[in-house]
Amino acid sequence: MEKWYPFWRISVLSLVVSSCVYDSAVIPTDCTNIHWTYTMTAGGQDHWADLCTGYNACGGMSQSPVNITGAVAQPNLSKLTFGYSTTAAEIENNGHTIEFVCDPGNKLTIGGTQYELLQFHYHAQSEHQVDGKKSPLEVHFVHKATDSDFAVIGVLFEEGASNSLFNQYLSRFPAEEGTYTDHSEIELTELLPLNKSYYHYSGSLTTPPCSEVVHWYVLKNKITASASQLAQFQALLKNNYRNIQNLNGRKIYSFDE
Ligand SMILES: [Zn+2]
């Protein structure tokens, strides 16, 4: 049978093709169903800023994490005052990290500002580096004062004695996306070193939307977890760390308590 395509069909086809090309060049405004990953392929971390307009900040000039080096001593900075109590937690594997969503009432005070702890979560390997060195694991305690004022405490791990909180919870972390609710009380201070000396700089959330609203405090003193606990995190989290971002002239300050 003869195949015959009338001219109007070819015109419609070329219109469809050209409109597809046009659409792919337009960044969607709605980020709701955008899938992002840590890989370097499509949707990967070098492309976060281009996935939707709500993620534009990922291409900004004050992004996190950074390599902490050449920190300037700044004794006028404020001590971190933790008003943490015990909390029940919902442990969620959201496909990007393992997150503990905390009960309200855990406070952090820095200078005159009081922040509320929202959640804490993990990255393996660490996101921040100190003098170019990564740690096997980093926990981020995310606190909020206002929509434009977040304080995130980063605590780095090193291999050593086993962590008692992990002894209690690690085997119950959801390996796939999902939530595990635990009603027993967690002692949050087990995830903080005794001495709270810190490095400080201004940066961003390290995941989309990468909002540049974060006062970062990366503690100088590390805490320990055993080799097998660190290996378990590594297997669960599958390299969920963002690469080091440029400082673009930002200073890193150092405070010793
Ligand atoms: Zn984080």
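A: G83 stands opposite K107, a residue of strand β6. This is a predicted model; local features need pLDDT of at least 70, side-chain atom pairs count only at pLDDT 80 or more, and totals for chains, interfaces and linings use all residues. Residues are numbered from 1 along each chain as its sequence is written.

Strand β6 covers residues 107–110. Helices and strands here are DSSP runs, numbered from the N terminus: helices are H or I with at least four residues, strands are E with at least two. On one side, β6 pairs with strand β3 (residues 80–83). The sense is antiparallel, over four bridges. Two strands pair if DSSP finds at least two bridges between them. β6 also pairs with strand β7 (residues 113–123), again antiparallel and over four bridges. In that pairing, T109 stands opposite Q114 of β7.

Two residues lie between β6 and β7. G111 takes a positive phi there, near 60 degrees.

Now the faces of β6. In a regular strand the side chains alternate between the two faces of the sheet. L108 and I110 form the covered face of β6. K107 and T109 form the uncovered one.

What touches L108 and I110? A151 does. Two residues are in contact if their C-beta atoms, placed from the backbone, lie within 7 Å. A151 itself lies in strand β10. A151 counts as buried because it has 24 C-beta neighbours inside 10 Å. The scale is this: buried means 20 or more other C-beta atoms within 10 Å of a residue's own, exposed means 12 or fewer, and partly exposed is in between, with C-beta atoms placed from the backbone. A151 and V214 are 63 residues apart along the chain, but their C-alpha atoms are separated by 5.5 Å.

β7 and β10 also meet a helix. The buried residues of helix α4 pack against β7 and β10 (149–159), as well as β5 (98–102), α3 (164–169) and β14 (223–225). Helix α4 spans residues 227–237, and its buried residues are Q229, L230, F233 and L237. Seen down the helix axis, they fall within an arc of 100 degrees, so they line one face of α4. The arc is that of the directions from the helix axis to the C-beta atoms. The face turned away from that buried side carries the exposed residues A227, S228 and A235.

Next, the chain just past α4. K238 takes a positive phi of about 50 degrees. N239 has a positive phi as well, near 55 degrees, and is not a glycine. N239 is found in the loop between α4 and β15 (253–255). N239 is exposed because 10 other C-beta atoms lie within 10 Å. N248 is found in that loop too. Its phi is positive, near 50 degrees. N248 is likewise exposed, with 10 other C-beta atoms within 10 Å.

Cis peptide bonds come next. One joins A124 and Q125, with omega about 5 degrees. Q125 lies in the loop between β7 and β8 (129–130). Another runs from P208 to P209, with omega near 15 degrees. P209 is found in the loop between β12 (198–203) and β13 (214–219).

Finally, the whole protein. There are four helices and 15 strands. Buried residues make up 32% of the 257 residues. Among contacts between residues at least 6 apart in sequence, 68% join residues at least 24 apart. The domain assignment gives domain 1 (1–59) and domain 2 (61–255). Such bounds come from an automatic or database domain assignment. The two domain centres, taken over C-alpha atoms, are separated by 35 Å. Nine residues of domain 1 are in contact with 11 residues of domain 2.

Note on methods: Lists of a residue's contacts leave out its neighbours within four places in sequence.
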